[in-house]
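Biologist: Can you walk me through this model? I'd like to know what packs where.

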Amino acid sequence: RNMSQIGFIGLGIMGEGMAKNLIKAGHTLAVWNRSADKCTAFAAGFPDGTITCCEAAAAVVKSCTLVYVMLSTPEAAKAVYEAADGILAGVSETSKIVDCATLAPEDMIRLSKQVTEKGGRFVEAPVSGSKGPAHNGQLIFLCAGDEALFKEIASDLDAMGKASFFFGAPGAGARMKLVVNMTMGSMLCALGEGLALAESASLDPKQLLEVLDLGVMANPMYKLKGPKMLAGDFD
C-alpha cells in the first residue's frame, strides 16, 4: 500500500505515540481530538505539514479512506461515533475504520454494525500494552471483524506494534483483550499479596522481587510494577 494520508482520532496517552509511529512509517495524518489543544500541540511538532488538524471527527473520516480510532472509554466512543459531526456522519462506502480502544465486546459489535450499515468496513484492534509500548511501537494488536481489511493494514500494525492477531467475528478481539487483562490483574494481585505477606513476616520485600526475578515467575510486569508498588507509586 502506498504511503498516504490516513486519519487518526484520539491523541491521548496511547493515541499520540501510535500516531507518531505511523508518521515514522511515512504517512501524513489528518487528526482530531476531543480537546483541540492536543491536536494543535501535536501538529506543532511537525511543522512540515505532516499533520492536518480537522474541526470534527466526521471531517477526518471524509478526508481519509483509512481512519484509526483510539478513544479512552465506552462513553467517549459512543459520543464521538454518534455525534452529529462524529465518525458515523463521515462514513461512506469507501471508509475503513480501525478501532483500537478497549471496549466491551457488545460495544465493538455495535460499532461494527453501525459502520458496515453505512457501507464502510470495520476492524476492531484493541491493544495489549500501555504508554511505553505505544510510544516505542511495541503494542500487540488483538483484532477481529473484516479479515481482508486486517490484512490490508498489516504494515501499519507493524509500524505501531510488535505483533498482531486475528480472532474472527466482531467482539472476539475485545473478548481476548478482557481475558488478557483479567490474567494480568490476577498476577498483579498475587504480587501485591506476596509483598504484603513478606513485610508482615519481617522479610525484605525488595529481596522477594529479586528472588522472583531469578525464577520461573520472572516477567517484565513484575520487574516494572514491583518497585513502583514498594514505593507507593500507583499512578
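Predicted model: local features only at pLDDT ≥ 70, side-chain atom pairs only at ≥ 80, totals over all residues.

Biologist: Start with α12. Which residues are buried there?

Modeller: Met221, Tyr222 and Gly226 are buried in helix α12, residues 220–230. Buried means under 20% relative accessible area, exposed means over 50%, and partly exposed is in between (1.4 Å probe, protein chains only). Helices (H or I, at least four residues) and strands (E, at least two) are DSSP runs, numbered from the N terminus.

Biologist: Why are those three on the same side of α12?

Modeller: They cover an arc of only 105° around the axis, so they share one side of α12. The arc is taken over the directions from the helix axis to the C-beta atoms.

Biologist: And which residues are exposed on the other side?

Modeller: Pro220 and Lys223 are exposed there.

Biologist: What do the buried residues of α12 pack against?

Modeller: They pack against α10 (172–200) and α11 (205–214). Contact means heavy atoms within 4.5 Å.

Biologist: What caps the N-terminal end of α12?

Modeller: Asn219 does. One of its side-chain oxygens lies 3.0 Å from the backbone nitrogen of Met221. For polar contacts, the rule is a pair of N or O atoms within 3.5 Å. Within protein, one must be able to donate a hydrogen and the other to accept it, and residues adjacent in sequence count only if both atoms are side-chain atoms. Just after α12, Gly232 takes a positive phi of about 70°.

Biologist: New topic. How many salt bridges?

Modeller: The count is nine. A salt bridge here is a side-chain nitrogen of Lys or Arg within 4 Å of a carboxyl oxygen of Asp or Glu.

Biologist: What does Asp213 pair with?

Modeller: Asp213 forms a salt bridge with Lys223, with the closest N and O atoms 2.8 Å apart. This pair links distant parts of the chain: Asp213 is in helix α11, Lys223 is in helix α12, and they are 10 residues apart. Asp213 is partly exposed at 33% relative accessible area, whereas Lys223 is exposed at 52%.

Biologist: How about Glu82 and Lys78, how do those side chains meet?

Modeller: In a salt bridge, 3.1 Å from N to O. They are four residues apart in helix α4 (residues 74–82), which means about one helical turn between them. Glu82 is partly exposed at 37%, and Lys78 is partly exposed at 40%.

Biologist: Where does Lys228 come in?

Modeller: Lys228 meets Asp233 in a salt bridge, 3.3 Å from N to O. Separately, salt bridges that share partners join Lys78, Glu82, Asp107 and Arg110 into one network.

Biologist: How many aromatic pairs?

Modeller: There are four. Rings of Phe, Tyr and Trp (its six-membered ring) pair if their centres lie within 6.5 Å; planes under 30 degrees apart count as stacked, over 60 as edge-to-face, and the rest as tilted. Phe150 and Phe166 form a tilted pair, 5.2 Å centre to centre with 35° between the planes. Phe150 lies in helix α8 (residues 147–152) and Phe166 in strand β9 (residues 161–166), so the pair ties together parts 16 residues apart in sequence. Phe150 is buried at 12%.

Biologist: On to the core. Which residues of the largest nonpolar core touch the most other members?

Modeller: Ile9, Met18, Tyr68, Tyr81, Ile87, Ile97 and Phe141, out of 57 residues. A nonpolar core is a set of buried Ala, Val, Leu, Ile, Met, Phe, Trp, Tyr and Cys residues joined through side-chain atoms within 4.5 Å. A second, separate core of six residues includes Leu191, Leu195, Leu209 and Leu212.

Biologist: What is Met18 in contact with?

Modeller: Leaving aside neighbours within four places in sequence, Met18 contacts Phe8, Met70, Cys100, Ala134, Leu139, Phe141 and Met160.

Biologist: Last one: is Asn21 buried or exposed?

Modeller: Asn21 is buried, at 7% relative accessibility. Asn21 lies in helix α1, and its side chain reaches the backbone oxygen of His135 at 3.3 Å.

Definitions and conventions
Residues numbered from 1 in each chain as written. Heavy atoms only, no water.
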